[in-house]
Amino acid sequence: MSCASVVDVLAFFFQTHDPTTLNRQGNDIGASYRSAIFYLNEEQRRAAEETIADVEASGLWPGKVMTEVTEAGPFWEAEPEHQDYLKRYPTGYTCHFPRPNWVLPRTTSAAG
């Protein structure tokens with residue numbers, strides 16, 4: 001079994017949510033619904049910024065990417081009611097889903 005690269009994970013991230021809305025995902029509004037990438041090292045930061053440039057250049061989303069790129073800090077696990085939401089509520093609301101025809105063309109050095 002092979003591991004996905006950071007760029008593969010980032011491409012999936014951008015395929016499954018709208019990164020062009022500031023502090024919003026679907027009907028959910030507020031800073032906790034912002035699009036954000038938290039990096040652990042400079043390689044991850046660079047890959048995030050290059051992937052954002054690829055997303056913007058691709059025209060796959062209808063506006064400027066608003067995704068925040070910031071160094072990872074302390075992590076807090078979400079409250080129990082936010083864990084496995086769609087498993088507990090299979091017909092629950094979500095705006096996150098893979099868009100099967102959305103394929104990110106790689107134009108920067110992150111492709112390597």
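Mentor: Let's start with Thr67, which sits in the loop between α2 (42-58) and β4 (68-71); helices (H or I, at least four residues) and strands (E, at least two) are DSSP runs, numbered from the N terminus. Keep in mind that this is a predicted model: local features need pLDDT of at least 70, side-chain atom pairs count only at pLDDT 80 or more, and totals for chains, interfaces and linings use all residues. Residues are numbered from 1 along each chain as its sequence is written, and side-chain values use heavy atoms, with hydrogens and water left out.

Trainee: Is Thr67 buried or exposed?

Mentor: The cut-offs are under 20% relative accessible area for buried, over 50% for exposed, and partly exposed in between (1.4 Å probe, protein chains only). Thr67 has 10% relative accessibility, so Thr67 counts as buried.

Trainee: Which side chain makes a polar contact with the side chain of Thr67?

Mentor: A polar contact is a pair of N or O atoms within 3.5 Å; within protein, one must be able to donate a hydrogen and the other to accept it, and residues adjacent in sequence count only if both atoms are side-chain atoms. At 2.6 Å, the partner is the side chain of Ser35.

Trainee: How many residues apart are Glu42 and Arg45 in helix α2?

Mentor: Their side chains meet in a salt bridge (2.6 Å, N to O). Glu42 and Arg45 are about one turn of the helix apart, or 3 residues.

Trainee: Which residues are linked with Arg45 in a network of salt bridges?

Mentor: Arg45 is partly exposed because its relative accessible area is 22%. The residues linked with Arg45 in the network are Glu42 and Glu49.

Trainee: And why does Lys64 count as exposed?

Mentor: Lys64 meets Glu56 in a salt bridge (3.6 Å, N to O). Glu56 is partly exposed, with a relative accessible area of 35%. Lys64 counts as exposed because its relative accessible area is 57%.

Trainee: How many salt bridges does a search of the whole structure find?

Mentor: Side chains of opposite charge can pair when their charged atoms come close. For the whole structure, the search finds 4 salt bridges.
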